[in-house]
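Subject: Handing over the structure

Hi,

Here is the structure I promised to pass on. Have a look around first, and then read my notes below.

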Amino acid sequence: MDKIVALCKRRGFIYPGSEIYGGLTGTWDYGPLGTLLKNNLKNLWWKEMVQLRNDVVGIDAAIMMNPKAWEASGHVEAFVDPLIECKVCHARFRADKEDEIKVHIQSHEGKKVEWTNPKKFNLLVKAYLGIIEGEQSEIYLRGEITNGAQVNFKNIVDSTRVKIPFGIAQIGKAFRNEITPGNFTFRSREFEQMEVQFYVKPDEKEAEKWYEYWKQNRMDFYVSLGIKKENLRFREHEDKERAHYAKKAVDIEYNAPFGWSEFMGIHNRGDFDLRRHTEYSGTNLSYKDSVTGEEYIPWDIETSAGVDRSLLFLLIDAYQKDGERFFLKLDPRLAPYKVAVFPLLANKEDLVTEARKIYQTLQKDMMVAWDDRGNIGKRYFAQDEAGTPFCITVDFKTLEDKTVTVRDRDTAKQERVKIDKLPEYFQNKLK
Ligand code: ATP
């Protein structure tokens, strides 16, 4: 983990939030490489979930919602973690995180550690809206992005041509007043989620079919992004640990350096959300089948993934050592830069001009890095750490025969390629 955290800072993937002011616990800022990687991940997810499907539509709902929505969804009452406090040093922990508690007890080196009784601690982050002091209304920043889809169910049905079964996809920020943020971005107070709420007929068999379908579909997605199969597993929730809305729940976990950890969940939410929003808002959120005339409140099979946790695990899984060489073996579709272009020598105008031309041509289709500092070995080292799949070097031979050296990140092998064949070459390699 230390290596990953250091790499993220050094190369500009992820920095601590508000660092120059001493930071703000549980917040992280994505740097130039991290932002590209995150956008690539979200775009791939969106392509698979929305673009390539004809039964899912996308939305982008507001972060700030009428507070009644959070009463209806049960978050005001039940979005709680059990909080305990160490009586020796007043550090606070989640009572259900046994491993963290054990580590803390050990840190007191044999001293008897007593704890306060568990208190319910609500995770919703409060904010105040309005311009006149005293007349501001208290709202919540969304604790999960799900509600934005649920409250728009009727809008979607009325304004599009969706028919059950169908899904509403969304990517966006969520906020939680986590008791113990930690493990880098794994548990943050501000993070991003990507979700599909998939509405099906209210029928056990139908719900089970889609639950199993989404379980496999999501596992396949992460395997297709290159995460090693042996580092992924399902974990079904036991009855007592399920969230207040879930009839059934399974996590997909990653074998992280800090233990198997959840980075996404598939939940059968039943009719909980639409029924509660119907009750609390007075708006009928049932669905009418236009063929059979049947009217019902659909059940919701949700897939909910953390963008930040997915990204962290993709980075950890991609981190490779080959002899003395470290490189990030990221799927080319995820890699922040696809290609880097180097003139062999920065002070030879002919080389720089030729390299610039290649850089500008490729830049029209993909993110391309430029580096003319230091020696070629150092430049390869930097691009390996950034996960750039290919490096192009323009050398003296280029000026004679219009070919360049293309070096492959994963094998470190080099080959000569004609300049005018480069766009086609990368089109095939970067799929
Ligand atoms: P945990 O048990 O780890 O607190 P959760 O079960 O409460 O997570 P969900 O409510 O199911 O998480 O949220 C769906 C996804 O959102 C999670 O699988 C995770 O990837 C992401 N997520 C939830 N909380 C956080 C957080 N504090 N920081 C980063 N990502 C988070």
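Let's start with the second largest pocket: the largest share of its lining, five residues, comes from α2. Helices (H or I, at least four residues) and strands (E, at least two) are DSSP runs, numbered from the N terminus. A pocket here is found on a 1 Å grid over the protein atoms alone, as an open set of points where a 1.4 Å probe fits, with protein on both sides within 12 Å along at least five of seven lines; lining residues have an atom within 4 Å of a point.

Before we go on, a word on the model: it is predicted, so local features need pLDDT of at least 70 and side-chain atom pairs count only at pLDDT 80 or more, while totals for chains, interfaces and linings use all residues. Residues are numbered from 1 along each chain as its sequence is written, and side-chain values use heavy atoms, with hydrogens and water left out.

Back to the pocket. About 480 Å³ of space lies in it, where a volume is the space filled by probe spheres set on the grid points, which are joined across faces, edges and corners. There are 19 lining residues, and Arg333, Lys338, Asp365, Leu430 and Lys431 are the closest to the centre. The elements that give two or more residues to the lining are α2 (32-51), α8 (204-224) and α14 (422-429). Sorted by class, the lining has nine nonpolar, four polar and six charged residues. (Ala, Val, Leu, Ile, Met, Phe, Trp, Tyr, Cys and Pro count as nonpolar, Asp, Glu, Lys and Arg as charged, and the others, Gly among them, as polar.)

Next, go to helix α1 (residues 2-11). Which of its residues are buried? They are Ile4, Leu7 and Cys8. These three cover an arc of only 100 degrees around the axis, which puts them on the same side of α1. (The arc is that of the directions from the helix axis to the C-beta atoms. The buried residues of α1 pack against β1 (14-16), α10 (307-318), β17 (319-322), β18 (325-328) and α12 (376-386); contact means heavy atoms within 4.5 Å.

Now for the rings. The whole structure has 24 aromatic pairs. Rings of Phe, Tyr and Trp (its six-membered ring) pair if their centres lie within 6.5 Å; planes under 30 degrees apart count as stacked, over 60 as edge-to-face and the rest as tilted. Phe153 and Phe166 are a stacked pair, because their ring centres are 5.9 Å apart and their planes are at 20 degrees. Phe153 lies in helix α7 (residues 153-159) and Phe166 in strand β9 (residues 166-175), so this pair ties together parts that are 13 residues apart in sequence. Both Phe153 and Phe166 are buried. Tyr359 and Trp370 make an edge-to-face pair, since their ring centres are 5.6 Å apart and their planes are at 65 degrees. There is also one aromatic cluster formed by Phe186, Phe221, Tyr222, Tyr254, Phe258, Phe263 and Phe313.

Strand β8 (residues 137-141) holds Tyr140 and Leu141. Tyr140 counts as buried at 13% relative accessibility, and Leu141 counts as buried at 18%. Leu141 is 34 residues from Phe175 in sequence, yet their C-alpha atoms are 6.2 Å apart in space. Not counting residues up to four places away in sequence, Tyr140 touches residues including Trp70 and Val76.

Most residues other than glycine have a negative phi, and most peptide bonds are trans. Ile164 and Pro165, though, are joined by a cis peptide bond, with omega about 0 degrees, and Pro165 is found in the loop between α7 and β9. His90 has a positive phi near 65 degrees and sits in the loop between β4 (80-85) and β5 (92-94). At 53% relative accessibility, His90 counts as exposed. Lys402 also has a positive phi, of about 60 degrees, and is partly exposed at 42%.

Cheers

Key: Buried < 20%, exposed > 50% of the residue type's maximum accessible area, 1.4 Å probe, protein only.
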